[in-house]
Amino acid sequence: MSENRSQLDERLHIIEDHLVQMMEMVSERISDVTSAMLEGDIASADRLIIGDDDIDLLSTQVEEACVATLVREAPVATDLRFVVGALHANSDIERSGDLVANIAKAVGRLQGANPDDRIRELIAQMSDQAGELFRRVSEAFRARDTALAISVADMDDVLDDLHYRYIHYVIQEARRADLDPQHALQLALIGRFYERIGDHAENVGERIRYIVDGWVPEAQAAERAKARQSGELATPSPRGVAVIGALAAERRIDAIRRDFVANVSHELKTPVGAMSLLADTLAGDVSGADRERLGEMLMKEAKRVEDIIDDLLELTRLEESEPETELLDVDDIVMRSVEKVQVFALTRSVELATVGLPSDRQVMGDRRALVRAMANLIDNAVRYSDPNSQVTISVVDLGGSVELGVRDHGVGIPRAELERVFERFYRVDRARSRETGGTGLGLAIVRHVATNHGGRVSVDSKPGEGSEFVVTLPCVPRNSPTS
Ligand code: ADP
């Protein structure tokens with residue numbers, strides 16, 4: 001059941017409020033726990049240990065709201081990013097709360113340690129730095145300010161440096177026998193806790209960047225960060241003139257994304273819904289045999305989710321990163337892709353045959369992507385064939401280009417659907433695709449790979465007789481001057 005936009009907004013607001021509240025709580029408690037420790041105030045430390053329950057409770061509420069949003073609604077691209085980012089940030093903040101409680105627990109064990117002024121000073125500095133990190137990420141999160149979020153990483157470097165000096169000093173003191181070994185160990189642990197709090201804050205900063213910018217390949221992210229730090233940081237508002245110019249294009253992309261994300265949500269909802277139902281049933285009173293059957297069904301649904309996510313990541317990789325190109329033997333690509341599908345073909349009693357090898361041709365490209373694309377085609381050919389049939393993988397040399405064909409004698413594709421099969425999630429027969437474990441993304445990946453390599457993919461098919469998919473790529477003969 002889909003809820004309306006205002007309900008979705010309200011839920012997202014709650015998530016945001018809770019997260020900000022949690023970050024502020026962590027920040028305040030870092031300072032409280034440090035005072036309790038430096039003053040040896042066990043009663044206050046105990047209160048801080050109990051207080052951790054508040055953060056855990058908020059964190060559970062955030063989790064529930066995020067899952068509810070993912071499962072019950074079809075969030076659009078930016079919302080989806082927010083929810084995924086929020087889920088990760090939530091666990092980082094919750095762990096930081098745990099670390100504060102850990103420091104509080106160490107207060108009792110430090111009784112009688114009497115750390116010297118240098119240790120006390122370094123602890124106070126680490127505490128200030130860690131508290132400030134969380135104040136900063138909460139502000140960055142509220143303002144969706146990526147520049148501020150990026151600055152958290154630099155601050156964390158300062159904390160790491162303080163931690164290094166602190167540990168060094170504690171070890172020195174222990175060696176000089178000015179510190180009892182047990183106390184030195186406790187103090188070293190406490191230093192680690194502050195350091196880890198800093199790491200979590202840095203992670204939250206990363207999540208904010210993800211929420212605002214989405215997942216971007218490292219090199220591109222670094223460039224954007226640089227541009228932001230030199231340019232937009234100077235202007236009070238990130239909405240500059242250039243941003244307005246880009247709005248129209250962005251809106252169009254957003255519309256495409258919205259469609260896509262609606263599809264993804266739809267595709268994921270079914271197996272996720274089935275999984276929760278199966279898990280519910282399993283938690284009840286079921287006999288041994290049923291338990292096993294339900295368990296198997298649960299595994300199958302989980303595998304579906306995994307396959308969809310796997311293919312989505314592959315598509316994202318193809319869309320967002322430059323292919324790593326090298327000169328590759330066509331024969332090697334064909335053999336590797338056949339190998340990938342061989343076991344699946346055996347289980348379905350389909351024979352894989354190759355013709356046109358050795359071809360002596362080379363293509364410039366990304367091996368992983370090309371093998372994946374060809375394997376997708378062979379996998380489909382097996383999937384949509386009857387047992388005891390044959391699938392032929394052929395290489396045809398056309399001089400400047402090479403045709404890699406995959407032919408089957410399976411169910412075929414109606415003429416009207418031929419162009420559409422390359423669309424994401426498009427399936428001629430949903431039930432058959434689902435039943436045999438298809439994700440609906442295989443051919444979208446093939447098309448992407450082909451065009452990324454300056455080539456194309458085409459299909460010819462007759463229902464009841466079979467299909468042939470052909471990937472055409474520019475090629476060179478092996479050992480030609482360019483190779
Ligand atoms: P799926 O994971 O569902 O196979 P694909 O993107 O690989 O998704 O293919 C899209 C649809 O195209 C499939 O659901 C199926 O209906 C059709 N299809 C693909 N390959 C073949 C084939 N070799 N024979 C018949 N139908 C095919």
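This report describes selected features of a predicted model, from its helices and strands to its salt bridges and surface.

## Helix α1 and its end

Helix α1 covers residues 5-39, which is 35 residues in total. From its first C-alpha to its last, helix α1 reaches 51 Å, close to the 51 Å expected at 1.5 Å a residue. Directly after α1 comes Gly 40, with a positive phi near 65°.

Strands of a sheet pair through backbone hydrogen bonds, and the pairing may be parallel or antiparallel. In this model, 3 strands form an open sheet in the order β1-β3-β8, with antiparallel pairing. Strands β1 (326-329) and β8 (476-477) are the edge strands, as each pairs on one side only.

Strand β3 (residues 361-365) and strand β8 run antiparallel and are joined by 2 bridges. Within this pairing, Arg 361 has Pro 477 of β8 as its bridge partner.

## Backbone exceptions

Most residues other than glycine have a negative phi, and most peptide bonds are trans. Two asparagines illustrate the exception for phi. Asn 114 has a positive phi near 45° and is found in the loop between α3 (77-109) and α4 (117-143). Asn 388, also not a glycine, has a positive phi of about 65°; its place is the loop between α11 (367-383) and β4 (390-397). Asn 114 has a relative accessible area of 68% and is therefore exposed, and Asn 388 is likewise exposed, at 69%.

The peptide bond between Leu 357 and Pro 358 is cis, with an omega of about -5°. Pro 358 lies in the loop between β2 (351-355) and β3.

## Salt bridges

The model contains 20 salt bridges. One of them joins the side chains of Arg 136 and Glu 132, at 3.9 Å from N to O. Both residues belong to helix α4 and stand 4 residues apart, about one turn of the helix. Arg 136 is partly exposed at 23% relative accessible area, and Glu 132 is partly exposed at 27%. Lys 303 and Asp 307 form another salt bridge, with their closest N and O atoms 2.9 Å apart. These two residues are separated by about one helical turn because they lie 4 residues apart in helix α9 (residues 288-320). Lys 303 is partly exposed, with a relative accessible area of 44%.

A further salt bridge is formed by Asp 397 and Arg 361, whose closest N and O atoms are 3.0 Å apart. This pair links distant parts of the chain, since Asp 397 is in strand β4 and Arg 361 is in strand β3, 36 residues apart. Asp 397 is partly exposed at 38%, whereas Arg 361 is buried because its relative accessibility is 12%, below the 20% limit for that class. Salt bridges with shared partners also join Asp 311, Glu 314, Arg 368 and Arg 372 into one network.

## Surface patch and cysteines

Which residues form a nonpolar patch on the surface? The patch consists of Val 67, Val 71 and Val 272, which together have about 190 Å² of accessible area. Val 272 is located in helix α8 (residues 241-283), and its relative accessibility of 30% places it among partly exposed residues.

The count of disulfides in the model is 0. Cys 66 is buried, at 0% relative accessibility. Cys 475 is also buried, with a relative accessible area of 10%.

Note on methods: Residues numbered from 1 in each chain as written. Predicted model: local features only at pLDDT ≥ 70, side-chain atom pairs only at ≥ 80, totals over all residues. Heavy atoms only, no water. Patch = residues over 30% accessible without salt bridge, like charges linked within 9 Å, V, L, I, M, F, W, Y side chains within 5 Å. Areas by Shrake-Rupley, 256 points an atom, 1.4 Å probe, with all protein chains shown as cover. Salt bridge = Lys/Arg side-chain N within 4 Å of Asp/Glu carboxyl O. Buried < 20%, exposed > 50% of the residue type's maximum accessible area, 1.4 Å probe, protein only. Disulfide = S-S within 2.5 Å. Expected span 1.5 Å × (residues − 1). Pairing = 2+ DSSP bridges.
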